[in-house]
Structures are given as C-alpha cells and as structure tokens.
Amino acid sequence: MMEAALVLVVAVLLGSSALVASDFCVCRSEQPTAVLQKAIDYACGQGADCTAIAQSGACYSPDEVAAHCSWAANSYFQKFRSTGATCDFSGAATLSTTDPSFSGCTFPSSARIGRLVKLQ
C-alpha cells in the first residue's frame, strides 16, 4: 500500500505545473535606448506596476533604461499573460528562465506553487 501511495505522489508531482521553469520577460540590452524606452512607456501606460522603478522605488537602481525596461516588461507580461499578452514589445524583450531579480528588487514570476495531496 505504501509503494502505491509513493507511486501516486511521484506521478502527481511529475505532472504538476509546479515543476515548470519560471518565465521572466526581460529586455534585450543590445536594443537602442529609444526602443527600450518605448517598451517602458507602453508597459507602464497599459497597467504594469511601475512604482518599483520610480526614483524612490526598490528597483530604481541601477538607473539604467535596460534594467527599468525589464522590470516594466516583466510586470506587464506577468499581469496580462493569462489574457494573451506576449513578451516581445516590438523586439525589445524576450522570455528568459533566468531570474533577473537582484538585492532588494524581486521580479514577479509565472511560477506556480503546486498543492500537496494528503494521502490517507
């Protein structure tokens, strides 16, 4: 009986979305500043939470367009991906499984926490 329960738990975990890598939307630093700024303006203007990249925000430093762009693009992507948003921003951004968070600035991710099933 214990072996059957263990097999069931392993099967549930292998099929769980909790094991899927997180996706982050990050801006391409090689893009021109004007392209990155346009992505920031669009994301922030369409509902991304851009308070973290405001001058007093947790993600303001480094004060670089590429860093701010990644925050804005990721915020927008995470907020609206369930309704079809993509991570492109006219070529300014791309998906990455590498977490761009840094000290004091935690990027939201698409990671889902799976629920454990209690077997009796």
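**Entry 1: the model.** I am working from a predicted model.

**Entry 2: helix H3.** I looked up helix H3, which covers residues 65-80. I checked its length against the rule of 1.5 Å a residue: the 16 residues of H3 should span 22 Å, and the end C-alpha atoms are 22 Å apart, so the two agree. Next I asked which residues of H3 are buried. I found His-68, Cys-69, Ser-70, Trp-71, Ala-72, Ala-73, Asn-74, Ser-75, Tyr-76, Phe-77 and Gln-78. I then looked for what these buried residues pack against, and noted strand S1 (24-27), helix H2 and strand S2 (93-96).

**Entry 3: Thr-51.** I located Thr-51 in the loop between helix H2 (33-45) and helix H3. Is Thr-51 buried or exposed? I noted it as exposed, because its relative accessible area is 58% and the cut-off for exposed is over 50%. I also looked up its distance to Ala-72, a buried residue of H3. Thr-51 and Ala-72 are 21 residues apart in sequence, and their C-alpha atoms lie 9.5 Å apart in space.

**Entry 4: disulfides.** How many disulfides does the structure hold? I found 4. I reminded myself that a disulfide is a covalent bond between the sulfur atoms of two cysteines.

- Cys-25 is joined to Cys-87, S to S 2.1 Å. The pair links distant parts of the chain, with Cys-25 in strand S1 and Cys-87 in the loop between H3 and S2, 62 residues apart. The link of Cys-25 and Cys-87 is right-handed, with 90° about the S-S bond. Cys-25 counts as buried because its relative accessibility is 0%, and Cys-87 counts as buried at 11%.
- Cys-27 is joined to Cys-69, S to S 2.0 Å. This pair also links distant parts of the chain: Cys-27 sits in strand S1 and Cys-69 in helix H3, 42 residues apart. With -65° about the S-S bond, I recorded the link of Cys-27 and Cys-69 as left-handed. Both Cys-27 and Cys-69 are buried.
- Cys-59 and Cys-105 have their sulfur atoms 1.9 Å apart and form a disulfide. Cys-59 is in the loop between H2 and H3, Cys-105 in the segment after S2, 46 residues away. The link of Cys-59 and Cys-105 is right-handed, at 105° about the S-S bond. I noted Cys-59 as buried, with a relative accessible area of 4%, and Cys-105 as buried, with 0%.

**Entry 5: pairing.** I numbered the bonded cysteines of the chain in sequence order and read the pairing as 1-7, 2-6, 3-4, 5-8.

Conventions
Residues numbered from 1 in each chain as written. Predicted model: local features only at pLDDT ≥ 70, side-chain atom pairs only at ≥ 80, totals over all residues. Heavy atoms only, no water. Helix = DSSP H or I, 4+ residues; strand = E, 2+ residues; numbered from the N terminus. Buried < 20%, exposed > 50% of the residue type's maximum accessible area, 1.4 Å probe, protein only. Expected span 1.5 Å × (residues − 1). Contact = heavy atoms within 4.5 Å. Disulfide = S-S within 2.5 Å.
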